[in-house]
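Subject: Structure handover

Hello,

Here is the structure I promised to pass on. My notes follow below it.

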Amino acid sequence: MSRTDQCVLSVIAPCYNEAVNIDLLVRRTLAAFDAMTIDGQLILVDDGSVDETWAAISAAADEDRRVWGVRHERNRGIVPAWQSGLDAARGRLVCLIDSDLQNRPEDIARLHRVYELGGADVVQGARRPVCTVHRHRVFTRGLNALLNLAFRTRLRDNKSGFLLCRRDTLSAILRHRLAYRYFQAFVGVAATARGFVIKEVDTVFEPRRAGQSFLSRFPIRTSLRIVWELIKFRAETWLDARGRVGRRSVLLSSPASLADAL
Ligand SMILES: Nc1nc2c(ncn2[C@@H]2O[C@H](COP(=O)(O)OP(=O)(O)O)[C@@H](O)[C@H]2O)c(=O)[nH]1
Ligand SMILES: [Mg+2]
């Protein structure tokens with residue numbers, strides 16, 4: 001596939017020190033494309049890994065033209081990695097998936113099937129079990145409840161990270177004005193706040209085969225930072241909504257002030 005070719009589906013996987021998982025991830029994802037008989041592209045974004053992740057990605061890209069590698073020189077986080085994947089994506093549809101095989105690449109077909117049935121802008125996997133490490137489960141459930149409360153949503157898994165939608169829909173969801181390190185936690189509420197309809201389907205969340213979860217490194221610090229960012233994002237969406245309503249009411253109430261409003 002050349003840089004200008006279009007395809008149907010681009011799967012984007014952020015990779016941070018996942019050398020041991022790349023080979024199987026690639027084989028299972030390409031097999032899923034074959035089973036779906038879909039014109040697919042797999043984009044692996046190495047986010048400044050310090051292990052052999054980039055070597056594994058390069059080898060896979062050399063072997064199959066459907067595999068693309070993107071590399072960050074230094075670690076920038078999951079959402080900037082999704083963004084770089086999005087910049088390289090040639091698909092009308094995109095799918096985000098973890099690279100550690102906790103999401104099953106075979107389930108991409110399920111998300112796609114549900115999407116094609118219509119009625120949803122975003123189809124996301126609700127992880128079952130939601131977490132495989134006990135202390136993470138408490139954190140994940142608490143954060144999920146907090147997000148639903150703050151944004152008046154009723155999502156079962158706000159921090160899924162396994163979803164499928166149109167490419168331009170994902171661009172719109174990831175747009176934000178303030179700086180966040182963990183915006184991946186706000187994808188569900190951001191989608192809802194921007195008027196997209198999300199459908200959730202249960203997907204198996206396997207235990208990690210190898211490597212380390214980013215949460216196990218600094219759980220307390222990470223949790224506090226995410227809660228702080230939640231407050232920030234709540235304020236950002238509130239201001240956005242007020243801005244929209246404000247502009248609309250000016251337009252509706254006084255055509256003469258149209259120039260001012262623009
Ligand atoms: N790009 C990028 N990806 C990351 C980073 N930390 C984790 N990931 C990837 O994001 C996915 C989910 O991360 P993981 O640590 O397994 O989170 P958990 O499943 O919620 O415990 C995996 O594919 C990781 O390789 C990071 O700093 N940058
Ligand atoms: Mg994981």
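**Around the ligand**

P14, Y16, D47, A81 and S213 come nearest to ligand 1, out of 17 residues around it. Near means that the C-beta atom, placed from the backbone, lies within 6 Å of the molecule or strand. The shell holds 8 nonpolar, 5 polar and 4 charged residues. Here Ala, Val, Leu, Ile, Met, Phe, Trp, Tyr, Cys and Pro count as nonpolar, Asp, Glu, Lys and Arg as charged, and the others, Gly among them, as polar. At least two shell residues come from each of β1 (7-15), β2 (40-47) and α3 (78-88). Helices (H or I, at least four residues) and strands (E, at least two) are DSSP runs, numbered from the N terminus.

This is a predicted model: local features need pLDDT of at least 70, side-chain atom pairs count only at pLDDT 80 or more, and totals for chains, interfaces and linings use all residues. Residues are numbered from 1 along each chain as its sequence is written, while chains are lettered from A and ligands numbered from 1 in the order in which they are written.

**The sheet**

Seven strands form an open sheet with mixed pairing, in the order β3-β2-β1-β4-β6-β5-β7. Its edge strands, β3 (67-72) and β7 (198-204), each pair on one side only. Pairing takes at least two DSSP bridges between two strands. β2 and β3 run parallel, joined by 6 bridges. I43 stands opposite W68 in β3.

**A helix contact**

A32, A35 and M36 in α1 meet I108, A109 and H112 in α4. Contact means C-beta atoms, placed from the backbone, within 7 Å. The residues of this contact divide into 5 nonpolar, 1 polar and no charged.

Best wishes

Methods. Two residues are in contact if their C-beta atoms, placed from the backbone, lie within 7 Å.
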